[in-house]
Amino acid sequence: MSQHDGSQHERFEEELGAVLRRTGDGFAAGDRRELVAGGLQRGRRRLLRRRLAVTGGVLALAAVGVGGVYGGSLLSAGDAANASVAAPPKPLTNTTPASSTTPKAGLGEKGDHVPQIPVKDIAAVLKKNTPQGTWAFDSLDGNGQSVAGVFDDGHGKAAVTVGLYRAGAVEAGEDQVDCPDKVAVPYDSCTEQNLPNGSRLMILQGYEYPDKREETKNWRAVLLTKDGFLVDASEYNAAAEKGSPVTRENPPFSPAQLKTLVTSRDWRPLLAKLPRYTEPAVDPGTSGLPPEPSGPAMQATLRSLLPKGLKVVDKNQDSGYAHMVVDDGKGKSLVGVNVQPDMSDVADELFGSGDVTTLPDGRRVKLTQQPGEKGGAGVVWWSVDTITPEGFRVVVSAFNSGAQHEAATRPEPALTMAQLKAIALSLKWQNVPMR
């Protein structure tokens, strides 16, 4: 089945859920404990990226974006299918309370408990630190880490959620307070700010469905405290996060009011009730995380392989991935590359059909030209997918736009299929250092 067949894309949500479950099940209990501190958060995201490339191509992971995984909270299959860039994480309900000793088992093991934060107390702080209006909360009984409600100031009902989380080490939560790459994720505004008390704040004015910006808006503020706590608040211009018609032009609270909410000192007594965590020593040889190519090295390699005459106007990278927006004077064009070792297990699925050839050295090459998938008018997506007999995969893609969700800026990508093939087959990729 080729990448452009409809059934391939229809399987995306199902495969995403299966990927998340499969990667989660692959860790031992000790590894799951580390997940709470965020150490395996990156590992699971990398494993997810490897598998997403089966169906989604170079920029597939952008659909999950910010907030997909927090300190041990892993999306279920249902959550994954509905994940949005600005969606807050799902709260943990099976971690050990602060008064307990360090758990003997990892997340999800018998003996773990619900965090001892009364939901009504979270709601009380939310109400105290927002403008006047009426509130209707889903449930105020019991304990948890988050509260969801509907706020009405007389100008239209709006869904609002607040969650409290531990990020473990501060650096483990930094991804959650970094603005997403606008090349991959459309939004109206995003700011990052280091506060005098050592906290870091991100405020994002985006959309529940980033590729359908005429629909529900989602504004979000996330605070990462100096001591590794996260306060995450989201608001919508509809009475429900999903499946509800827009009730007002914008969510009710301004960015300044969102900042006031998440930075309030009233959260501190509640944050102190979150499960304590002692980061365990982890043997790198037994962590279960596969090595991935260094993002900066990938970006440098991609730049060295681009044809002459292309001006780089934007760029970004992560482990195993890099992209650049180039312009040859005829319009912007997005070019990206994934490098994924150890993909032998899905080689037959990836290269079992379509325009596939096998080179004398055993490498398989698949050429695909198809429409873009992120809503940009007239966007086309050209890609060259390669894999060695040992399972070392390189995928290079180019678009005739600076971002998939923006309208085409030119008839075709700035690079030809022959040029994309030359980049994908370069042996330089096999010399990119792993991390």
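Two strands pair if DSSP finds at least two bridges between them. Helices (H or I, at least four residues) and strands (E, at least two) are themselves DSSP runs, numbered from the N terminus. The model looked at here is a predicted one, so local features need pLDDT of at least 70 and side-chain atom pairs count only at pLDDT 80 or more, while totals for chains, interfaces and linings use all residues. Residues are numbered from 1 along each chain as its sequence is written, and side-chain values use heavy atoms, with hydrogens and water left out.

First, the overall picture. The protein chain's secondary structure comes to 11 helices and 14 strands. Of its 435 residues, 53% count as buried, where buried means under 20% relative accessible area, exposed means over 50%, and partly exposed is in between (1.4 Å probe, protein chains only). Contact means heavy atoms within 4.5 Å. Among contacts with a separation of 6 or more in the protein chain, 60% come from residues 24 or more positions apart. The accessible surface of the protein chain is about 18400 Å², and carbon and sulfur atoms account for 50% of that; these areas come from the Shrake-Rupley method with a 1.4 Å probe, and for residues only the protein chains shown count as cover.

Next come the strands towards the end of the chain. Strand β9 (residues 321–327) pairs with β10 in the antiparallel sense, over seven bridges. Within this pairing, histidine 323 has glycine 336 of β10 as its bridge partner. The hairpin of β9 and β10 has four residues between the strands, and glycine 329 there takes a positive phi near 95°. Eight of the nine residues of β10 (residues 332–340) are buried, so this strand is largely enclosed by the rest of the structure. β10 also pairs with strand β14 (residues 393–399), again in the antiparallel sense, over six bridges. Here valine 339 stands opposite valine 394 of β14.

β14 has a further partner in β13: the two run antiparallel and are joined by seven bridges. Strand β13 (residues 380–387) is mostly covered, with seven of its eight residues buried. Strand β12 (residues 364–371) is joined to β13 by eight bridges, and these two also run antiparallel. Valine 384 of β13 makes a handy landmark: leucine 367 stands opposite it, and its bridge partner in β14 is valine 396. Five residues lie between the strands in the hairpin of β13 and β14, where glycine 391 has a positive phi near 95°.

Aspartate 342 deserves a word too. Its phi is near 60°, a positive value in a residue other than glycine. Most residues other than glycine have a negative phi. Aspartate 342 sits in the loop between β10 and α10 (347–351), and it counts as partly exposed because its relative accessibility is 46%.

Now for the inside of the model. A nonpolar core is a set of buried Ala, Val, Leu, Ile, Met, Phe, Trp, Tyr and Cys residues joined through side-chain atoms within 4.5 Å. The largest has 30 residues, and Leu126, Val147, Val162, Leu164 and Trp267 have the most contacts inside it. Helix α6 (residues 119–128) gives this core its largest share, five residues. Valine 162, leaving aside neighbours within four places in sequence, is in contact with residues including Ile122, Leu126, Val147, Leu261 and Trp267. Another core, of 27 residues, lies apart from that one, with Ala297, Val326, Val335 and Ala414 among its members.

The model also holds one disulfide, meaning a pair of cysteine sulfur atoms within 2.5 Å. Cysteine 179 and cysteine 190 form this link, with their sulfur atoms 2.1 Å apart. Cysteine 179 lies in the loop between β3 (157–166) and β4 (189–194) and cysteine 190 in β4, so the pair ties together parts that are 11 residues apart in sequence. The link is left-handed, with -95° about the S-S bond, and both cysteines are buried.

Last, the aromatic rings. Rings of Phe, Tyr and Trp (its six-membered ring) pair if their centres lie within 6.5 Å; planes under 30 degrees apart count as stacked, over 60 as edge-to-face and the rest as tilted. The count comes to five aromatic pairs. One of them, tryptophan 135 with phenylalanine 151, is tilted, at 5.0 Å centre to centre and 55° between the planes. Tryptophan 135 belongs to strand β1 (residues 134–137) and phenylalanine 151 to strand β2 (residues 146–152), 16 residues apart. Both residues are buried. Trp135, Phe137, Phe151 and Phe253 form one aromatic cluster.
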